[in-house]
Amino acid sequence: MKRLPWLGFAILALMVLASLLGPELWPQDALRQNYAKLYAAPSAEHPLGTDNLGRDVLARVLLGGRISLSIAFLATLGALTMGLATGLMAGGRGSWLDIVLTRVSDALLAFPGFLLVLLVVVILGNGQFQTIAALAVGGTPAFFRLTRGYTRSILGSEYVTAATALGASQSRILPRHVLPNLIAPLVVQAASVAAAFLLVEASLSFLGLGIAPPTPTWGNVLQDARALLTRQPWAALGPGLVLGATALGLQLVSDGLRDRFDPRSR
């Protein structure tokens, strides 16, 4: 594997560890307001300064990372599960079920990804569960098309034809021959989708449509800092850097996994 994917793994591991352990190790409370220290500049006590309510920005970035990453990963897991299940049904069963599921997927793909997620959020409302559900719905078509395409290709291969001729049923062929060949492309797709979900969740929170304040996420921490860019640019620097670095790390991991599992991409 090339060096850049290892850099992506290192960045991702660092961000996950910081989000998991940081809120417990950093002494500042991410939700405690201190009106005596509004807009405080970076210092030993507050390395990233404080926001418009006197809250420690670093503490909010650490806690916000825990929430943002959990939303991105859970939404990716939900999209993968739904896409895998429907893709196997469409590619394995065929006939009318394949037509119906494919048309539904095409209809969802007709919407730009962010607008589809935005529509679901507007329907379901704000909240962590609603955001995860909206992202999962928006990401399902990508996993569906990938699973369906690979399933149909694998079912048409010679060794599957031989297994069918020997009396193997489809309920045996799918878990023994199809699923093992789907793991690699799905893992690669999942890493790329998680990076996109991280940015979409931040965009929703930035617009006030994701997790409602005072619960911090990287998106609404950036939203709090938006009005302070001219007088307190460091308030946006921290969450902006960790958000961009984490998305970059996930994308590098996705590229590395693609190179590892697909020799044609090397």
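**Figure 1. Salt bridges in the predicted model.** The structure, a predicted model, holds 11 salt bridges. Side chains of opposite charge can pair when their charged atoms come close. One group of residues, made up of Asp51, Arg55, Arg60 and Asp224, is linked in a network of salt bridges. Individual pairs are presented in the views that follow.

**Figure 2. The salt bridge between Arg66 and Glu24.** The closest N and O atoms of Arg66 and Glu24 are 3.3 Å apart. Arg66 belongs to helix H2 and Glu24 to helix H1 (residues 3-25), so this pair ties together parts that are 42 residues apart in sequence. Arg66 is partly exposed, at 28% relative accessibility. Glu24 has a relative accessible area of 59% and is exposed.

**Figure 3. Helix H3 and its buried side.** Buried in H3 are Leu97, Asp98, Leu101, Thr102 and Ser105. These residues cover an arc of only 120° around the axis, which puts them on the same side of H3. Helix H2 (57-93) and helix H5 (128-155) are among the elements that cover these buried residues. The exposed residues Trp96 and Arg103 are carried on the face of H3 turned away from its buried side.

**Figure 4. The salt bridge between Asp98 and Arg152.** The side chains of Asp98 and Arg152 meet at an N to O distance of 3.2 Å. Since Asp98 lies in helix H3 and Arg152 in helix H5, the pair ties together parts that are 54 residues apart in sequence. Asp98 is buried, with a relative accessible area of 7%, whereas Arg152 is partly exposed, with a value of 44%.

**Figure 5. The salt bridge between Asp106 and Arg145.** Here the side chains of Asp106 and Arg145 meet with an N to O distance of 3.0 Å. The two residues link distant parts of the chain, Asp106 being in helix H3 and Arg145 in helix H5, 39 residues apart. Asp106 is partly exposed, with a relative accessible area of 32%. Arg145 is also partly exposed, and its relative accessible area is 44%.

**Figure 6. The surroundings of Thr76.** Thr76 is located in helix H2. With a relative accessible area of 5%, Thr76 falls under the 20% limit and is therefore buried. Apart from its neighbours within four places in sequence, Thr76 is in contact with Phe143, Ala190, Val193, Ala194 and Phe197.

How values were computed. Residues are numbered from 1 along each chain as its sequence is written. This is a predicted model: local features need pLDDT of at least 70, side-chain atom pairs count only at pLDDT 80 or more; totals for chains, interfaces and linings use all residues. Side-chain values use heavy atoms; hydrogens and water are left out. Buried means under 20% relative accessible area, exposed over 50%, partly exposed in between (1.4 Å probe, protein chains only). Helices (H or I, at least four residues) and strands (E, at least two) are DSSP runs, numbered from the N terminus. The arc is that of the directions from the helix axis to the C-beta atoms. Contact means heavy atoms within 4.5 Å. A salt bridge is a side-chain nitrogen of Lys or Arg within 4 Å of a carboxyl oxygen of Asp or Glu.
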